[in-house]
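Colleague: Could you walk me through this one before I set anything up? I'd like the sheets, then the core, then one residue I keep coming back to.

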Amino acid sequence: MKKLFTFLFISLAFAANAQNHKLVKLWETDTVIATPESVLPVGNVLYVSLIDGQPWDADGNGGIAKVQTDGKVLDPYWVHGLNAPKGMATVGNNLYVADISEVAVIDIASGKITKKIKVEGAEGLNDVTATNSGVVFVSDSKKATVWKIENDQPSLYLENMQGVNGLKAVKNELYIASGKSFVKADINKKVTPVATMPEGVDGVEPIGNGDFVNTAWGGWIYYVSADGKVETMLDTSPQKKNTADIGYDPAKRIIYVPTFFW
């Protein structure tokens, strides 16, 4: 088996006090996952996007896995028929998944792809987030843009967002990882800085108190305070353990970390 297929999906417990923050490892998946890039907790299930190949190859190998929150792999290939899927978000009973130049819409009950929304000119769709009203935002890392999808119709939302990757809609604001710049855009598209990061950011997850947990793909997990202070909680870069697009359970304070190429 090639190294590409031996990556593990790691869950970390999040603990905090007034001075510092730390992570405690809870488990690894009980079997291998085919290049996990993103994790989305929904109830007692973790949806995991599977690139299962090179990061931007339209090879038809990609899909979605289902994993229990204790690490047991329920279905290593719940959804087939994608290319290099990355970020995910739910709107009602549907799962929206970024897949290079399209956003796939999957019916969660059946696991069937019901449609693929073509984003004209997109080359590197990466992360996805959705508002409470069902508006979807998706980043294009190769074109430095953010797209808005409303009623399954895409429109260009922001341009010149170099290194754009992780997104998270929080109330009326869109938090954006744009390289080492962690910023937010209001409903008028006014972009203001939140923090300057040591490395280019991948995953973006709000804690719920105005603070965030962010990852950098090369092996870093950061705690980002609302005042812009950045604290490194994990550094696995010497071991070349990747930390891609995390998922977060605020009730249990658990971070789910896909290790991608490790």
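Modeller: Two strands pair if DSSP finds at least two bridges between them, and strands themselves are DSSP runs of E of at least two residues, numbered from the N terminus. This is a predicted model, in which local features need pLDDT of at least 70 and side-chain atom pairs count only at pLDDT 80 or more, while totals for chains, interfaces and linings use all residues. Residues are numbered from 1 along each chain as its sequence is written, and side-chain values use heavy atoms, with hydrogens and water left out.

Colleague: OK, what is the bridge partner of Val39 in S4?

Modeller: Val39 has Val48 as its bridge partner in S4, and S3 and strand S4 (residues 45–50) are paired in the antiparallel sense over six bridges.

Colleague: And which order do the strands of that open sheet have?

Modeller: The order is S3-S4-S5-S6, an open sheet of four strands with antiparallel pairing. Strand S3 (36–42) and strand S6 (73–82) each have a single partner strand, so one side of each lacks a neighbour in the sheet. From one strand to the next the twist averages 20 degrees, with axes taken as lines fitted to C-alpha atoms and angles running from 0 to 180 degrees between N-to-C directions.

Colleague: What about the sheet with S7 in it, which strands are at its edges?

Modeller: That open sheet of four strands runs S7-S8-S9-S10, with antiparallel pairing, and its edge strands are S7 and strand S10 (112–118), each pairing on one side only. The twist there averages 25 degrees from one strand to the next. Within this sheet, six bridges join the antiparallel S8 and S9, and Val97 has Ala104 as its bridge partner in S9.

Colleague: Switching to the core, which residues touch the most other members?

Modeller: In the largest nonpolar core, which has 16 residues, they are Tyr96, Val103, Leu125, Val128, Val136 and Val138. Such a core is a set of buried Ala, Val, Leu, Ile, Met, Phe, Trp, Tyr and Cys residues joined through side-chain atoms within 4.5 Å. Strands supplying at least two residues each include S7 (88–91), S8 (94–99) and S11 (125–130), and S11 gives the most, with three.

Colleague: Last one: is Ser178 buried or exposed?

Modeller: Ser178 counts as buried because its relative accessibility is 11%, where buried means under 20% relative accessible area, exposed over 50% and partly exposed in between (1.4 Å probe, protein chains only). Ser178 lies in strand S16 (residues 173–178) and, leaving aside neighbours within four places in sequence, is in contact with Met161, Gln162, Gly163 and Val164, contact meaning heavy atoms within 4.5 Å.
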